[in-house]
Amino acid sequence: MLEAVSGWVPPRVVPNAGLPGQWGVDDRWVRTRTGIERRHVADPGTSTGDAAVHAARRLLEKAGNPRVDALVLATATPDHLCPATAPAVAARLGLGTIPALDIAAVCSGFVYGLALCQGAVGAALFDRVLVVGADIYSHWLDPEDRSTGVVFGDGAGAALVARGQESDSAGALLGFDLGSDGSGYDLITVVGGGARARSLAEPEEPGDRYFRMRGRAVFQHAIERMTASCGAVLERVGWRPDEVDHFVPHQANARILTAVGKRLGIPADRCALHLREVGNTGAASIPLALADAQAGGRLRPGARVLVTAFGGGLTWGSAALLCPEAPPGPRSP
């Protein structure tokens, strides 16, 4: 079951009007194409691990600092290629020598993490697992590439998954659908730095260190994959689209969210739209949207929630859950 969710974003805000002048964009241009009005950007020296620690610490304090048996960190922007970022995050949180690992499913990472954690607690491997989605994209973006620069923001979201209660209880994780298609691996990439680039005789190009996305192709794949995945999980748990109280898709682009909701037959007023304030925060986007909706009083405990995501790999995933109780504590961003 999902016990609690929380989030953190860097304090520095960059509105559309503050984007680099050489990109040739204005506020209306960005809002029309993406639905984004502003994004939060990390200061120099702030890493993905730092963001993960902020979000996790806020969550643990809100939940009363319960014992945690394992940590899963979903990120596409790790602090290092080696080692994984999760063990350092666990150490900084004072969680002891618990197992900790990274998973790399890009923007689908949080949904993948939820499924892995639910499987682990369901198999009685652990009683409670901390899952964090965190990405600091601003350090990975080409400053000359407006197509990614206008879309991505920085942030982290965290959730606690615990051995749980009945399937009709608040926080119940009822069903998942996960998938991948590696034939589209080149649509969302960071070409340089890995074993493939290092295996080649020629040196890397300067731009190979940056995150790249083929936006038009990704747009269509995202709509088709998330729609199909949502349909599969709805069928699995026996919900009709009109029975979904809240639809929480990965906050990639407002036009994608609208298209998926329309294809599913879920009314627009049931769709959580948090990207206006934070942009596309990768693996952090779903927990940030959940935390924002819960803190704003828009998610009642036990409400039926459908989440879905699409990311590089290509990967996608959806989950059906009942909204958890909101533990007392400070409001999440």
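Angles run from 0 to 180 degrees between N-to-C directions, with axes fitted as lines to C-alpha atoms, for helices over the stretch in contact.

A quick word on the ground rules. This is a predicted model, where local features need pLDDT of at least 70 and side-chain atom pairs count only at pLDDT 80 or more, while totals for chains, interfaces and linings use all residues. Residues are numbered from 1 along each chain as its sequence is written, and side-chain values use heavy atoms, leaving out hydrogens and water. Helices (H or I, at least four residues) and strands (E, at least two) are DSSP runs numbered from the N terminus.

Two strands count as paired if DSSP finds at least two bridges between them; strand 1 and strand 7 (residues 154–162) have six, in the antiparallel sense. Trp-8, for instance, has Ala-156 in strand 7 as its bridge partner.

**A helix pair**

Helix 7 (residues 215–237) and helix 8 (residues 254–264) pack at about 35 degrees, with their axes 9 Å apart. The crossing is right-handed, meaning that the near helix is turned clockwise from the far one by less than a right angle. Who meets whom? On the helix 7 side, the residues include Phe-219, Ile-223, Met-226 and Cys-230, and on the helix 8 side they include Ile-256, Ala-259, Val-260 and Leu-264. By class, this contact has nine nonpolar, three polar and three charged residues. For that tally, Ala, Val, Leu, Ile, Met, Phe, Trp, Tyr, Cys and Pro count as nonpolar, Asp, Glu, Lys and Arg as charged, and the others, Gly among them, as polar.

**Salt bridges**

The structure holds 18 salt bridges, each being a side-chain nitrogen of Lys or Arg within 4 Å of a carboxyl oxygen of Asp or Glu. Here are some of them:

| Arg | Asp | N to O distance |
|---|---|---|
| Arg-212 | Asp-142 | 3.0 Å |
| Arg-236 | Asp-177 | 3.8 Å |
| Arg-298 | Asp-292 | 2.7 Å |

How exposed are these partners? The scale is relative accessible area: buried is under 20%, exposed is over 50%, and partly exposed is in between (1.4 Å probe, protein chains only). Arg-212 is partly exposed at 28%, whereas Asp-142 is buried at 12%. Arg-298 is partly exposed at 44%, with Asp-292 buried at 15%.

Arg-212 lies in strand 10 (residues 211–213) and Asp-142 in the loop between strand 6 and helix 5 (146–149), 70 residues apart. Arg-236 in helix 7 and Asp-177 in strand 8 (residues 173–180) are 59 residues apart.

Lastly, there is a network of salt bridges linking Arg-240, Asp-242, Glu-243 and Arg-304.

Definitions and conventions:
Contact means heavy atoms within 4.5 Å.
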